Every structure is written in C-alpha cells, then in structure tokens.
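Here is a friendly walk through one protein chain. Please keep the viewer open while you read.

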Amino acid sequence: MMNEFKKDLLRVKIADTREEMGIAASRDIVEQIQKLQAVKTEINIIFAAAPSQNEVLKNLSNSHEIDWTKINAFHMDEYIGLPKDAPQRFGNFLKNAIFSRVPFRSVHYIKGEAEEIETECKRYSELLKKYPVDIVCMGVGENGHIAFNDPPVADFHDPEVVKRVKLDPICRQQQVNDGCFANLGEVPEYALTLTVPALMSAQHLFCIVPGPTKAAAVGNMLNGEITTSCPASILRSHKSAILYCDADSSSKI
C-alpha cells in the first residue's frame with residue numbers, strides 16, 4: 001500500500017521502503033510508455049543519472065513490456081572536463097545502468113569533454129528540439145535542484161535549452177556523499193545541464209527521490225512556495241508529474 005495525495009498539480013506517492021518505491025515508479029513509467037507507444041511510432045525519454053535512480057533503472061532495464069527499439073534516449077546533465085572514460089560521468093553511469101542493456105532506437109550523449117562548450121550546448125539543444133520530450137525520469141538534489149539547476153542558477157523562464165552552469169557547494173558535496181568522488185576537490189566545478197523549461201516541456205515527469213539525505217529537499221519542495229530557492233518546487237505546476245518517495249525521504253512533509 002502507498003500513501004497518495006496531491007500538492008497543487010503534483011501527485012505524490014509514498015512507499016514504506018526504497019524497493020517498493022522503485023517498483024511502483026517503474027511500473028507507472030512502463031504503463032505510460034505503453035500508452036504512448038500505442039499512438040506514436042517513436043518516443044523520447046530523458047533519464048537522470050544518480051544512485052537515487054538505481055532501483056528504477058534496474059527495473060526498467062529488465063522490463064520486457066516495452067519496445068525499446070522505438071525509444072530515443074537522452075540524459076539531462078554532464079560534468080565538464082572529466083575524461084571521456086571517467087566512471088563519474090553521467091553518460092557512463094547511464095550506459096552501464098540502462099543505455100547498453102536495452103536496444104534503444106538511439107542514445108544521445110552530452111559531450112562534457114567538448115572543446116567548444118557553447119557549440120555542444122547548441123548541438124544538444126537542437127537534438128531536443130528535433131525529438132520533443134515525452135517522458136523525463138528524474139531526481140531531486142539535496143539542495144532541491146533538478147538536473148544541475150542549483151538554486152543560484154535555476155531560472156523557471158530560462159530562454160536556453162542546454163547551458164553551462166557553476167555547481168554550488170551543496171551540490172558538489174552531494175556527489176561526495178553519494179560515493180561518486182573521494183573528496184570535494186575531485187568534483188568538477190562546472191557542468192552542462194538541461195534547463196528547467198527544457199525539463200518541464202516533457203509531457204510526463206516521473207520524479208524518484210529516496211533516502212534520508214533528501215528529506216529536507218522534499219519538505220521544501222512540497223511545503224514551501226514555488227520558487228527557485230527550491231527548483232524542484234516547480235513540479236507542482238506540471239499537469240502530469242508524479243513524485244515518488246520512501247519513508248525516509250518523506251519524513252519532513
């Protein structure tokens with residue numbers, strides 16, 4: 001059994017455990033993919049790369065109910081300056097978790113190693129315009145960020161689709177807390193990210209947020225105002241968005 005309620009337009013589903021949360025979220029995502037594939041020849045999905053997404057990505061990659069050959073895959077952010085084969089790169093994380101595990105029609109990686117970052121922003125922006133987003137599978141950062149739209153750089157009316165951003169200290173420390181880097185000095189200071197409007201343009205948003213370290217962010221996301229001081233709060237204005245939490249992450253709602 002899950003506790004369900006709505007906050008503004010956002011549906012919230014709370015499971016007892018992280019595993020139950022992952023099963024519920026992946027089940028809903030599969031169902032939405034099936035509905036879209038019944039009426040569209042191909043669909044476009046953006047994935048988040050983070051340990052918080054592990055259960056959902058595992059369940060999705062094991063699903064036999066989806067025609068993956070009719071899905072174009074994207075991701076929502078990438079560090080600037082890490083070596084192409086660095087395991088911390090989000091493209092590599094997703095390659096291991098799902099991109100190489102199912103037969104996508106196409107997979108489009110953000111090139112954080114590009115020599116001309118502005119050119120790379122333009123290239124990925126054009127791809128997303130060519131393949132309008134149907135589904136976003138996302139998380140929320142400890143500072144309330146979505147993708148790498150940290151509070152200091154988040155813009156609900158951003159004219160860009162993809163942009164270069166400086167990561168704030170809380171965001172960078174989270175990467176250490178998640179075990180992705182040994183210390184703060186190893187975490188890149190800059191990244192590429194899809195903007196808030198780019199994410200919100202999706203027809204359907206599925207936001208998966210487990211764990212005790214996310215409790216404050218979830219509380220701010222649901223209890224405060226819709227503001228860039230907690231960028232994830234904007235999900236409350238989306239007509240088809242669901243937030244999935246476990247007992248830990250929902251403890252401050």
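## The second largest pocket

Strand S2 (10-14), helix H1 (18-37), strand S10 (204-209) and strand S11 (241-245) each contribute at least two residues to the lining of the second largest pocket. H1 gives the largest share of this lining, four residues. Helices (H or I, at least four residues) and strands (E, at least two) are DSSP runs, numbered from the N terminus. On a 1 Å grid over the protein atoms alone, a pocket is an open set of points where a 1.4 Å probe fits, with protein on both sides within 12 Å along at least five of seven lines, and lining residues have an atom within 4 Å of a point.

The second largest pocket holds about 220 Å³ of space. It is lined by 15 residues, and Arg11, Gln32, Phe206, Ser240 and Ile242 are the closest to its centre. Sorted by class, the lining has five nonpolar, three polar and seven charged residues. Here Ala, Val, Leu, Ile, Met, Phe, Trp, Tyr, Cys and Pro count as nonpolar, Asp, Glu, Lys and Arg as charged, and the others, Gly among them, as polar.

A word on the model itself: it is predicted, so local features need pLDDT of at least 70 and side-chain atom pairs count only at pLDDT 80 or more, while totals for chains, interfaces and linings use all residues. Residues are numbered from 1 along each chain as its sequence is written, and side-chain values use heavy atoms, with hydrogens and water left out.

## The largest pocket

The largest pocket has a volume of about 270 Å³. Its lining has 22 residues, and Ala49, Ala50, Phe90, Gln174 and Gln175 are the closest to the centre. For such volumes, grid points are joined across faces, edges and corners, and the volume is the space filled by probe spheres set on the points.

Helix H3 (90-99) and helix H5 (169-177) each supply at least two lining residues of the largest pocket. By class, this lining has twelve nonpolar, seven polar and three charged residues.

## Nonpolar cores

In soluble globular proteins, nonpolar side chains tend to be buried together. A nonpolar core is a set of buried Ala, Val, Leu, Ile, Met, Phe, Trp, Tyr and Cys residues joined through side-chain atoms within 4.5 Å. Buried means under 20% relative accessible area, exposed over 50%, and partly exposed in between (1.4 Å probe, protein chains only).

Which residues of the largest nonpolar core touch the most other members? Among its 43 residues, they are Val136, Met138, Ile146, Leu194, Met221, Leu235 and Leu243. At least two residues of this core come from each of S2, helix H4 (117-130), strand S7 (135-138), strand S9 (190-194), helix H6 (196-200), S10, helix H7 (215-223) and S11. H4 gives the most to this core, five residues. Apart from it lies another core, of 42 residues, including Val176, Phe181, Phe206 and Ile242.

In H7, the buried residues are Ala215, Ala217, Val218, Gly219, Met221 and Leu222. Their cover includes strand S1 (3-7), S2, S10 and S11.

Lys163 sits in strand S8 (residues 162-166). Its relative accessibility is 15%, so Lys163 counts as buried. The Lys163 side chain makes a polar contact with the side chain of Asp158 at 2.6 Å. A polar contact is a pair of N or O atoms within 3.5 Å; within protein, one must be able to donate a hydrogen and the other to accept it, and residues adjacent in sequence count only if both atoms are side-chain atoms.

Arg89 lies in the loop between strand S5 (77-79) and H3. Arg89 counts as buried because its relative accessibility is 5%. The Arg89 side chain reaches the backbone oxygen of Leu82 at 3.3 Å and makes a polar contact with the side chain of Glu113 at 2.8 Å.

## Positive phi in two loops

Asp8, in the loop between S1 and S2, is a non-glycine residue with a positive phi near 55 degrees. With a relative accessible area of 44%, Asp8 is partly exposed.

Ala147 is found in the loop between S7 and S8. Although it is not a glycine, Ala147 has a positive phi of about 50 degrees. Is Ala147 buried or exposed? At 6% relative accessibility, Ala147 counts as buried.

Methods
Contact means heavy atoms within 4.5 Å.
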